[in-house]
Amino acid sequence: MAARLVKNPSIDPEFCKFKAHIRESRIHGRGVYADERIPANRKVIEYTGERISRAETKRRGQGRLTYLFTLDDYWTLDGAVGGSGAELINHSCEPNLYSKIFKGHILYMSKREILPGEELTVDYRFDKKIERVACRCGARGCRGTINLK
């Protein structure tokens with residue numbers, strides 16, 4: 001099965017606490033951009049999607065583009081199905097967001113103040129044991145890979 005693409009990407013205001021929009025990104029494909037100032041240490045958006053098992057995650061994870069986020073040892077969220085828009089937040093080695101798992105929810109929190117027009121980014125922190133994925137974030141401290149070293 002090919003990876004599912006997000007057909008009609010949008011930011012779901014039920015899960016995003018600040019105004020944001022989706023547009024083309026210099027990092028990869030489309031990205032999410034702040035439309036207003038976001039203070040440091042705030043919940044910005046919840047990563048939502050279809051809750052799938054590890055076996056289904058392995059099946060859907062085949063392909064070059066996926067929107068899978070591991071919640072725990074059993075569950076993964078597939079942002080391509082019922083995503084909040086957070087699934088389009090790109091990776092950066094110097095991100096302005098970090099992920100926090102809290103009571104079965106995946107939250108993206110602001111690491112610092114984010115200004116209007118800035119692309120929202122998070123460090124994907126792919127395991128170093130899986131296939132290496134090149135990074136295109138362009139940050140000064142880019143490690144060259146989305147995987148941890």
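These are my notebook entries on a single predicted chain.

**Entry 1. Ground rules.** I work with a predicted model, in which local features need pLDDT of at least 70, side-chain atom pairs count only at pLDDT 80 or more, and totals for chains, interfaces and linings use all residues. I number residues from 1 along each chain as its sequence is written, and side-chain values rest on heavy atoms, with hydrogens and water left out.

**Entry 2. Fold.** I looked up the secondary structure, taking helices (H or I, at least four residues) and strands (E, at least two) as DSSP runs numbered from the N terminus. The chain holds one helix and 10 strands, in the order β-β-β-β-α-β-β-β-β-β-β. The chain is as compact as a globular protein of its length, because its radius of gyration of 15 Å is close to the 15 Å from the globule rule for 149 residues. I note that this radius is taken over C-alpha atoms, and that the rule is 2.2 Å times the number of residues to the power 0.38. Along the principal axes, the C-alpha atoms fill a box of roughly 40 × 35 × 30 Å.

Entry 3. I count a contact when heavy atoms lie within 4.5 Å. Of the contacts between residues at least 6 apart in sequence, 60% join residues at least 24 apart. For burial I use relative accessible area: under 20% is buried, over 50% is exposed, and partly exposed lies in between (1.4 Å probe, protein chains only). By these limits, 42% of the 149 residues are buried. I find an accessible surface of about 8,700 Å², with 49% belonging to carbon and sulfur atoms; the areas come from the Shrake-Rupley method with a 1.4 Å probe, and for residues only the protein chains shown count as cover.

**Entry 4. Charges.** I counted Lys and Arg as positive and Asp and Glu as negative, leaving out His and the chain ends. Each charge is placed at NZ of Lys, CZ of Arg, CG of Asp or CD of Glu. The mean positions of the 28 positive and 19 negative charges are 4 Å apart.

**Entry 5. Cysteines.** How many disulfides are there? I find zero, a disulfide being a pair of cysteine sulfur atoms within 2.5 Å. The sulfur of Cys137 has its closest cysteine sulfur in Cys135, at 3.5 Å, which is too far for a bond. Cys137 is buried at 3% relative accessibility, and Cys16 is buried at 8%.

**Entry 6. Positive phi.** I looked at two non-glycine residues with positive phi. Asn41 has a phi of about 60° and sits in the loop between β2 (30-34) and β3 (43-47). Lys103 has a phi of about 50°, in the loop between β8 (97-102) and β9 (105-110). Asn41 is exposed at 56% relative accessibility, and Lys103 is exposed at 72%.

**Entry 7. Two strand residues.** Leu68 belongs to strand β5 (residues 68-70) and is partly exposed at 25% relative accessibility. Thr121 lies in strand β10 (residues 121-122) and is buried, with a relative accessible area of 6%. Among its contacts, neighbours within four places left aside, are Ile27, Ile89, His91, Pro95 and Leu97.
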